[in-house]
Amino acid sequence: MNPPRDHYSQGSQTIFMRDQRQASQVVLRDFPYPYRAMLAICSDLDETPNRHVYWEIMRFLNTADTTPMGQGVGLEVGNTIYFDMPSNQFAYWNTDDAGREMARALIRSGHIDCLHSYGDLATTRQHAGRALDELARHDCKLQVWIDHGTAVTNFDPDIMHGHGDEIGHQAYHADLTTEYGIKYVWRGRVTSVVGQDVPARLEGIWDRRHPIASGRTWLKEFAKQLLARTGNAKYAMHGPNETFRSTFLRDGRSVHEFMRCSPHWGGVSSCEEGRAIGEVLTAEILDRLVERGGTCFLYTHLGKIDDVKIPFNSGAVEGFRRLAEMFHNGRILVTTTRRLLGYRRATRQITWVGIEDDDHIRIAIDTRSESPRSDRLSEADLAGLTFYVSDPEITSMTIDGRDVPHLKHNEPDHTGQASVSLDWPTLEFPKS
Ligand SMILES: [Zn+2]
């Protein structure tokens, strides 16, 4: 971390350091232009009946093609995968060759971005090794881990009953899994607060239409906040209400742990299913996310549905269309869990200076100062970074000393300020 410094003058130039963002005329915007909030649908694949349902869900969310639910909504939504599960649930080893090929294509395109443990029936290090060998053999890379149910390969000891990072346990695999490339983990932390990376607010949780149930949800969240402030380790993440923190697994390996949000008035385990997501993607909740300028990893299980032929009911379809409208009109940027984690890390970890004189503004970004080499930000993590500047036409940018060739010039946004930004490329959904 650089020591805080004031902005200072050097000849005719005024140099503003990032620690003086408020005073500076070059300011890092919270989200890629023109968005005012970011959201990842972070879905566990539990109970997805088969590969057809999995595929139709992904096609509806990620394309504008015709699907059993009508025209797709053209968002960017990721999904999870696991390996050893009972035969009535979609999983990598359960499905057929076409299902495995589909999963690999979606991993390569970035649409399957999270490992959801190794599955309920993976009880040993050998199960983990077999899955990782398969992924490596097909050049399939995943960087996000999400604990599942009470799978023994989970990392969290308390809520998720895991032993995956306990050296000496037969399910210990943290060394193999982190060496394979996992560096982001979810270990059971869920909040009812809409919007992270902004101060926690309990307003909006209580719903006068459901006073008792929503009152209970409010009290639970209040208790988590209180416990966080009194040093409770289990709820430590709820206090600062940040999307992620850097921490360690029990075997000493460093990871980034993230928190998910389940904002339904009935509590964090209410309506976290595909069949009920229409109750969560409401105008009220989405508007609040925008008003707060928050980031959200939305906790859900999209494969928990009632009709295998038409996976999403009309309420769910309406909810996704509502979200799609807010994405397409430039309010909420919807992306995958992995991309959102990378973006939030980039905004927190880069160092930068804005150097401004009469006819030129130069922004120099440095990604190298804080992390060990294996955990450096990638170029993709910097996608979408946006800086407010007084005049985009005279602004240039460097990243680690290299010129950025195609900086985007943006019109003034809702705050009236113009900006420049790095491109935010969309993921390309596989053909079949
Ligand atoms: Zn699960």
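1. Two residues are in contact here if their C-beta atoms, placed from the backbone, lie within 7 Å. Take the contacts in the protein chain between residues at least 6 apart in sequence: 71% of them join residues at least 24 apart. Note that this is a predicted model.

2. Overall make-up. The protein chain holds eight helices and 23 strands. Its radius of gyration is 22 Å, close to the 22 Å that the globule rule gives for 432 residues, so the chain is as compact as a globular protein of that length. The C-alpha trace spans about 70 × 50 × 50 Å along its principal axes. Of the 432 residues, 45% are buried.

3. Domains. The chain is divided in two. Domain 1 takes in 8–30 + 350–421, and domain 2 covers 39–335. Their C-alpha centres lie 32 Å apart.

4. The core. How many residues does the largest nonpolar core have? It has 107. Those with the most contacts inside it are Met38, Leu39, Tyr82, Val144, Leu298 and Ile332. Helix H1 (residues 51–62) gives the most to this core, with seven residues. Why does the core lie between the domains? Domain 1 and domain 2 both give residues to it, so it lies between them.

5. Tyr82 up close. Tyr82 is among the core residues with the most contacts inside it. Leave out residues up to four places away in sequence, and Tyr82 touches Leu45, Ala91, Tyr92, Leu115, His116, Ser117, Tyr118, Gly119 and His148.

6. Helix H3, length. H3 runs over residues 125–137. At 1.5 Å a residue, its 13 residues should span 18 Å. The end C-alpha atoms are 18 Å apart, which agrees.

7. Which residues of H3 are buried? They are His127, Ala128, Ala131, Leu132 and Leu135. Seen down the helix axis, the buried residues of H3 fall within an arc of 125°, so they line one face. An α-helix has 3.6 residues a turn, so residues three or four places apart point the same way. On the other side of H3, Gln126, Asp133, Ala136 and Arg137 are exposed.

8. Around helix H3. What covers its buried residues includes helix H4 (174–180). Asp139 follows H3, and its phi is positive, near 55°.

9. A cis peptide. Which two residues does a cis peptide bond join? They are Tyr33 and Pro34, with omega about 0°. Pro34 sits in the loop between strand E3 (27–28) and strand E4 (37–43).

10. Glu47. This residue is not a glycine, yet its phi is positive, near 65°. Glu47 lies in the loop between E4 and H1. Glu47 has 16 within 10 Å, so it is partly exposed.

11. Asp400. Phi is positive here too, about 50°, although Asp400 is not a glycine. Where does Asp400 lie? Its place is in the loop between strand E20 (395–399) and strand E21 (402–403). With 13 other C-beta atoms within 10 Å, Asp400 is partly exposed.

Conventions. Residues are numbered from 1 along each chain as its sequence is written. This is a predicted model: local features need pLDDT of at least 70, side-chain atom pairs count only at pLDDT 80 or more; totals for chains, interfaces and linings use all residues. A nonpolar core is a set of buried Ala, Val, Leu, Ile, Met, Phe, Trp, Tyr and Cys residues joined through C-beta atoms within 7 Å. A residue is buried if 20 or more other C-beta atoms lie within 10 Å of its own, exposed if 12 or fewer, and partly exposed in between; C-beta atoms are placed from the backbone. Helices (H or I, at least four residues) and strands (E, at least two) are DSSP runs, numbered from the N terminus. Domain bounds come from an automatic or database domain assignment. The expected span of a helix is 1.5 Å times one less than its number of residues. The arc is that of the directions from the helix axis to the C-beta atoms. The radius of gyration is taken over C-alpha atoms; the globule rule is 2.2 Å times the number of residues to the power 0.38.
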